[in-house]
Amino acid sequence: HKPLFEERIGDSPIYALDKYKSQFVAAIGTDVLLMEKVDGIHMKINKRLSSNCVLYSVIINQDIVVACGGELITIWELKFGTVQAIIHAQHPRPTCNLSTNCMLSLAFVGNGSSIISG
């Protein structure tokens, strides 16, 4: 069998994966990789979206890619990969400690028009 990826996708661990239809996203270090299945099995990397911090969660829907890590949430427009918003925590802490202070998860709520993170 051929591997799903035929290129190196990063030196950092993959912290999160999500999927919308045939598109997949992976949070790898400070980047989000936007990928799609090309022949029903193998994956092709279409875009690399970058952030200013290590990303621990990523979600995708028909319009946007959202990732969080540290004290911020970054929202990219799906079609072109442009940053639409960077949301900072209201009460930032001096350091990001994985057990207490980082935003580690995301989810779409309601009809997908809102996001919850913690």
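Is S51 buried or exposed? At 13% relative accessibility, S51 counts as buried, where buried means under 20% relative accessible area, exposed over 50%, and partly exposed in between, with a 1.4 Å probe and protein chains only.

A word on the source. This is a predicted model, in which local features need pLDDT of at least 70 and side-chain atom pairs count only at pLDDT 80 or more, while totals for chains, interfaces and linings use all residues. Residues are numbered from 1 along each chain as its sequence is written, and side-chain values use heavy atoms, with hydrogens and water left out.

Back to S51. The residue sits in the loop between strand 4 (43-50) and strand 5 (57-60); helices (H or I, at least four residues) and strands (E, at least two) are DSSP runs, numbered from the N terminus. Beyond its neighbours within four places in sequence, S51 is in contact with T30, L72, T74 and W76, contact meaning heavy atoms within 4.5 Å. A polar atom of the S51 side chain lies 3.5 Å from the backbone nitrogen of C53.

That brings us to the cysteines. C53 is buried because its relative accessibility is 15%, and C68, at 0%, counts as buried too. Which cysteine sulfur is closest to that of C68? It is the one in C53, but at 8.3 Å the two are too far apart for a bond. Zero disulfides turn up in a search of the whole structure, a disulfide being a pair of cysteine sulfur atoms within 2.5 Å.

Now the sheets. Strands of a sheet pair through backbone hydrogen bonds, either parallel or antiparallel. Here two strands pair if DSSP finds at least two bridges between them.

Q23 stands opposite E36 in strand 3.

Another open sheet of four strands has the order 5-6-7-8, again with antiparallel pairing. Which strands stand at the edges? Strand 5 and strand 8 (83-88) do, each with a single partner strand, so one side of each is left without a neighbour. Strand 5 pairs with strand 6 (residues 64-69) over four bridges, in the antiparallel sense. There, I60 stands opposite V65 in strand 6.

Terms used: Polar contact = N/O pair within 3.5 Å; in protein donor to acceptor, adjacent residues only side chain to side chain.
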